[in-house]
Amino acid sequence: MTVTIVGSQLGDEGKGRVVDLYSDEADVVVRYQGGDNAGHTVCHDGEEYKLSLVPSGAIRGKVGVLGNGCVINPRTLFDELEMLRDRGLDPDVRVAQRAHVIMPFHRVLDGIEEDVKSEDDQEVGTTGRGIGPTYEDKAGRRGVRIGDLLDPDVLRERLEYIAPQKRAVVEEVYGLDPDALEEYPDAFDVDALFEEFREYGRRIEREDMAVNAGAYLSDAREAGKRLMLEGAQGTIIDIDHGNYPFVTSSNPTAGGATVGTGLSPGVIGGGEVIGIVKAYLTRVGSGPLPTELGGVPGDTPGYDGDPENPRTESEELATEIREAGDEYGTVTGRPRRVGWLDMPMLRHAARASGFTGLAVNHVDTLAGLDELEVAKAYELDGERLETMPPTTERWADCEPVFRTFDGWKEQDWEAIAEDGYDALPAEARAYLEYVSDDLDIPIYAIGVGPSREDTIVCERPY
Ligand code: GDP
Ligand code: IMO
Ligand code: MG
């Protein structure tokens with residue numbers, strides 16, 4: 001049986017901690033999309049692990065697989081494996097031969113395009129990891145795949161086609177000198193790329209990491225193994241179901257789990273799909289956010305305030321929640337934008353992925369506020385909307401219709417996690433039950449702190 005973990009909002013909902021929570025009963029944990037743009041945090045026994053590529057189940061010693069839907073920067077992969085070994089773990093990670101490889105020129109192009117867009121305030125605020133350019137080349141049928149790293153002739157052939165083409169784009173489209181790039185001096189040099197990436201290929205072979213992911217996972221399933229599928233990013237930054245163009249270039253929604261692993265839709269849909277919800281919203285990067293509180297300069301459209309020196313009550317609240325939840329990007333360290341929970345967004349996410357259960361995190365972070373708001377609907381041109389409009393421009397025009405909830409006080413969260421759901425303050429239960437009843441989806445787990453122990457477990461999916 002499979003359990004699929006999907007971000008229901010804008011990423012950073014706490015997917016890593018839920019994968020960690022339930023993966024004790026799993027045998028294999030699979031990432032199905034994205035790359036090292038992800039930053040998944042797992043806290044256990046006073047240790048904090050931040051993983052961008054290695055599946056979070058590695059902390060529990062589970063086999064990790066990077067599925068064909070992922071884009072893999074081998075530098076990051078091997079650095080992360082090294083970091084985990086230095087910390088006393090023994091990660092067993094397999095990579096799909098069909099997964100695409102992030103090349104240094106992809107990172108360069110990610111940076112250049114963001115710079116150019118920023119001249120007209122159109123930048124996405126990407127993580128700069130080369131994600132978009134790599135998926136572009138995948139769709140353009142000119143990408144390099146993990147399997148190609150294992151075959152020197154194929155690798156050279158691919159590089160000889162793609163590297164000069166990218167060089168020409170930098171020179172002729174952007175008018176820049178590809179050889180004057182300080183961070184990546186050899187990014188467009190076929191020989192240098194061949195040497196470096198062929199060595200990664202040898203290492204993948206030596207460490208027996210390459211797999212035919214679909215077959216490997218199907219065989220594991222048929223042998224009775226339990227699979228967990230770990231989504232990265234979230235529904236509203238899904239390239240199809242998110243707020244395009246302020247999105248990542250893959251499908252974090254549950255459909256991505258089938259395409260990105262080679263497991264059939266029936267297998268994924270026949271299992272559990274758990275939507276991970278943050279009890280409020282955060283967003284890293286640009287794009288609208290109708291329930292936003294305050295703002296982050298450079299990311300919030302039109303915002304020129306200073307989160308360190310809040311001027312209004314809304315800015316104060318944003319700063320308070322950001323500090324309480326330690327809302328700074330795992331990958332880039334950027335302050336995250338903060339907003340109230342948005343039900344039209346969650347309805348959209350639940351429909352797109354077919355959630356069978358929810359895990360709601362950061363209930364502790366909201367403690368101490370007198371009142372909380374939740375957007376129960378939007379108003380647009382005098383009409384009431386229950387879900388998100390399909391264009392980003394219309395979404396930006398939506399005015400949230402709020403419902404006010406009583407806040408809850410600070411608690412001994414550890415004791416509550418131990419005692420279970422009924423120990424939660426009544427106000428927090430009312431908030432959670434509203435979300436669950438509205439979506440008609442049961443709550444499986446509630447996060448009341450960052451650690452594995454700070455979780456109220458209502459349901460075990462396996
Ligand atoms: P992911 O990308 O979805 O895995 O989430 P991140 O790891 O990027 O961001 C979640 C952050 O919130 C991490 O720092 C977690 O340790 C922390 N976190 C997760 N759940 C909770 C919770 O219930 N309470 C608190 N206080 N922190 C949490
Ligand atoms: P996890 O898995 C939050 C955002 C970036 C940017 C947009 C596109 O930790 O939840 P990209 O580099 O992917 O081309 O950037 O998507 N973004 C994330 N935001 N959490 C993530 O991952 C993200 N991965 C990408 O900030 O707005
Ligand atoms: Mg994250």
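Which residues lie nearest the centre of the second largest pocket? Select Thr41, Gly325, Arg336, His362 and Pro450, and you have them; they belong to a lining of 32 residues. Keep in mind as you look around that this is a predicted model.

**Around the pocket**

The space inside the second largest pocket comes to about 630 Å³. To see which elements give two or more residues to its lining, colour H1, S3, strand S4 (47-51) and helix H11 (313-324).

**The magnesium ion**

Next, select ligand 3, a magnesium ion. Two residues coordinate this ion, Asp12 through OD and Gly39 through O, at 2.0 to 2.2 Å. Trace the chain from each one: aspartate 12 sits in the loop between strand S1 (2-7) and helix H1 (15-22), while glycine 39 sits in the loop between strand S2 (28-31) and strand S3 (40-44), so the pair ties together parts that are 27 residues apart in sequence.

Are these two residues buried or exposed? Aspartate 12 has 22% relative accessibility and counts as partly exposed, whereas glycine 39, at 12%, counts as buried.

**Two more backbone stops**

Most residues other than glycine have a negative phi, and most peptide bonds are trans. Arginine 141 is another residue with a positive phi, near 60°. Look for arginine 141 in the loop between helix H4 (131-139) and helix H5 (146-149). With 78% relative accessibility, arginine 141 counts as exposed.

Now go to tyrosine 244 and proline 245, which are joined by a cis peptide bond with omega about 5°. The loop that holds proline 245 runs between strand S10 (227-230) and helix H9 (254-259).

**Colour by domain**

Between them, 40 residues of domain 1 are in contact with 43 residues of domain 3.

In soluble globular proteins, nonpolar side chains tend to be buried together. Here, the largest nonpolar core has 56 residues; select Val363, Leu366, Trp408, Leu424 and Tyr431 to see the ones that touch the most other members. Helix H15 (residues 426-439) is the element that gives the most to this core, with six residues. Because domain 1 (2-95 + 210-276) and domain 3 (277-457) both give residues to this core, it lies between them.

Zoom in on tryptophan 408 and show its neighbours. Leaving out residues up to four places away in sequence, tryptophan 408 touches Val363, Leu366, Ala367, Gly368, Leu369, Leu372, Trp413, Pro425, Glu427, Ala428 and Tyr431. Another core, of 44 residues, lies apart from the largest one; Val54, Leu66, Val93 and Leu109 are among its members.

**Last stop: a cavity**

How many cavities of 30 Å³ or more does a search of the whole structure find? The search finds one. About 30 Å³ of space lies in the largest cavity. Select Asn73, Arg75, Ile102, Met103, Pro104, Arg107, Tyr184 and Phe197 to show the residues that line the largest cavity.

Conventions
Residues numbered from 1 in each chain as written. Chains lettered and ligands numbered in written order. Predicted model: local features only at pLDDT ≥ 70, side-chain atom pairs only at ≥ 80, totals over all residues. Heavy atoms only, no water. Donors = N, O, S within 2.8 Å, 3.2 Å for Na, K, Ca; no water. Helix = DSSP H or I, 4+ residues; strand = E, 2+ residues; numbered from the N terminus. Buried < 20%, exposed > 50% of the residue type's maximum accessible area, 1.4 Å probe, protein only. Core = buried A, V, L, I, M, F, W, Y, C linked by side-chain atoms within 4.5 Å. Domains from an automatic or database assignment. Contact = heavy atoms within 4.5 Å. 1 Å grid on protein atoms, 1.4 Å probe; cavity = no way out; pocket = protein on both sides within 12 Å on 5 of 7 lines; lining within 4 Å. Points joined across faces, edges and corners; volume = space filled by probe spheres on them.
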